[in-house]
Amino acid sequence: MISNPANHAMRKAVSRCISGITLLCACLVVAPLALVFFHLVRMGASSLNLDFFTHLPAGPGEPGGGMANAIIGTLILLGLACLIGVPTGVLGGVYLSEFGSPRVNWTVRFLCDILNGVPSIIWGIVINGLVVMHGIVICGRVIIPRGFSAYSGGLALACLMIPLVMRTTEEVLVLVPNGYREAALALGIARWKTTVHIVMKSAVRGILTGILLALARVAGETAPLLFTALGNSFWNNNLAKPIAALPLQIFQYANSAYANWHRQAWAGALVLVGFILALNVTVRFLTRGKPVRV
Amino acid sequence: MERIQDIESASTVAPAAAFPLKASAPHAPAQRNAFEVTTLNVWYGQKHAVQDCTLNIPERTITAIIGPSGCGKSTFLRCLNRMHELVPRARIAGTIRFFGQDLYAPQIDPAVVRRRIGMVFQKSNPFPTMSIAENVTVGLRLNGIGNRAYLRERMEQSLRMAALWDEVKDDLGKPGVSLSGGQQQRLCIARAIATQPEVLLMDEPASALDPIATMKVEELIHQLSRDYTIVIVTHNMQQASRVSDKTAFFYLGRLIEYNDTEKLFTRPREKQTEDYISGRFG
């Protein structure tokens, strides 16, 4: 005969209780996202209009105005970051997955993971100290002039992106089955062509996903831009000069004493979150239905 | 242990009558050796995978390599087109001559070797990003051939040779991986012959297939042996006796016996060969 142990009821109660706590914690994890989003919509949606996307910022106390320069500035900075960070990160990942020796790989991977943990403000200070103070001069030719600039801002964001892109690229390339490499090499296809046309082509969605996630991660960075891009209340027509960016503009407006600037800051925050959300949804779309085989 | 080399007999003894396709095929008057392997030794790190292997593989024959798992037969096969070099810490000693030319001479590019010595793998591996047609022509396209009419012609010809054309001719744009297992393997064979190699190395090409697909692949191997030198690794002894002209038996990294297939299976000279083919071990 099957009989329950004496403390069966007690055990069941404890089990229910713990399950309930885990459910509660799961809700607590998701709650901030809902909180952030609804709060931003409540505070920022009213200031969101066409002018916000097409006009320069208005002076303190003046009605209207927008953040067009900051939106375009953020896009330019992300573009510059991609220009520097994507080739470096992707090719670095290709090296790790396809060419490196185990010992070199172990070292590079380890350093890469440390880089991933470097606080973003450190990148701001380092780029400030190296590039903003001195510029980049190679063989007597000025590549990046001294001073706050879009270039140095893009470089700081790229430094944040590179280790992220590198690791995700490596991870998706390693997932490509070895049989495809062997098949291609056995056809007498050169190693680099095998890497580009067979291996990377099979993993292109995974690589794109990594790039977009890295972009989403750096799009909202403020600290590295404070010391590099600096911010600008007007249009930037020279990438060697300071440039506006959404996070910087939000920071500046939220710190001000003017009610209309505060409202603009909320609207800016809403746009930024919307942009990052859109990037993440794109990633979901790219990886839909295929959780493993990227 | 005595290794048997009967190069002389290879050119004089007609293939067994059990292979009508072979027997009716006109033979070149003097059959050359496609491969001349001399004291081949291969190591993976500390593991001595192939030991002192010496044999000659005549052109336009089917040579089967049999032996229990881990006996070095796949390693030996991969040395013939330098595929074993992909394994980290692989090391090789001895010489392999391909129609008299040293395959391991320092100025030889392994990619060029592999263009002349094609390979088919145990697990069919059509490229997932490519259609059936693209899969067949990839070896040509990525080696710089862009003439579409020529590619189209090679594609059809290769698929016909692989006995796949009639099954796929209306679906050439479909993904290669949409085919059945046996069709995928024949697609891989078509891909390998599209670049017009002189030799096809096959590493257990039918071991993952059902009996009907296996039969089709074996028929195909027969057909191909009129134009190609074929070396096939198999752990299926019936298959070796069905398809091959010559058979090499490997055991524990050593070549135990190498002879005409009929002789090896009916009158093995070595005790170990006899034990293996009669199913006493392996």
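**Cavities, pocket and cores**

By class, eight nonpolar residues, one polar and one charged line the largest cavity. Here nonpolar means Ala, Val, Leu, Ile, Met, Phe, Trp, Tyr, Cys and Pro; charged means Asp, Glu, Lys and Arg; the others, Gly among them, are polar.

Some ground rules. This is a predicted model, where local features need pLDDT of at least 70, side-chain atom pairs count only at pLDDT 80 or more, and totals for chains, interfaces and linings use all residues. Residues are numbered from 1 along each chain as its sequence is written, chains are lettered from A and ligands numbered from 1 in the order in which they are written, and side-chain values use heavy atoms, leaving out hydrogens and water.

What is a cavity? On a 1 Å grid over the protein atoms alone, a cavity is a set of points where a 1.4 Å probe fits but cannot get out; a pocket is an open set with protein on both sides within 12 Å along at least five of seven lines; lining residues have an atom within 4 Å of a point. Points join across faces, edges and corners, and volume is the space filled by probe spheres set on them.

Back to that largest cavity. It holds about 50 Å³ of space. Its lining includes Ala183(A), Leu187(A), Met119(B) and Cys188(B). H8(B) gives the largest share, three residues. Helices (H or I, at least four residues) and strands (E, at least two) are DSSP runs, numbered from the N terminus.

Now look at H8(B). This helix covers residues 181–194 of chain B and reaches 20 Å from its first C-alpha to its last. 13 of its 14 residues are buried, so H8(B) is largely enclosed by the rest of the structure. Buried means under 20% relative accessible area, with a 1.4 Å probe and protein chains only. Just after H8(B), Gln196(B) takes a positive phi of about 55 degrees.

Next, the second largest cavity. Its volume is about 40 Å³. H3(A) gives the most to its lining, with three residues. That lining has eight nonpolar residues, one polar and no charged.

The largest pocket has about 640 Å³ of space. Among the residues closest to its centre are Ser97(A), Arg191(A) and Leu86(B).

Last, the cores. A nonpolar core is a set of buried Ala, Val, Leu, Ile, Met, Phe, Trp, Tyr and Cys residues joined through side-chain atoms within 4.5 Å. Which residues touch the most other members of the largest one? Phe35(B) and Phe76(B), out of 89 residues. H6(A) gives the largest share, eleven residues.

Technical notes:
The expected span of a helix is 1.5 Å times one less than its number of residues. Buried means under 20% relative accessible area, exposed over 50%, partly exposed in between (1.4 Å probe, protein chains only).
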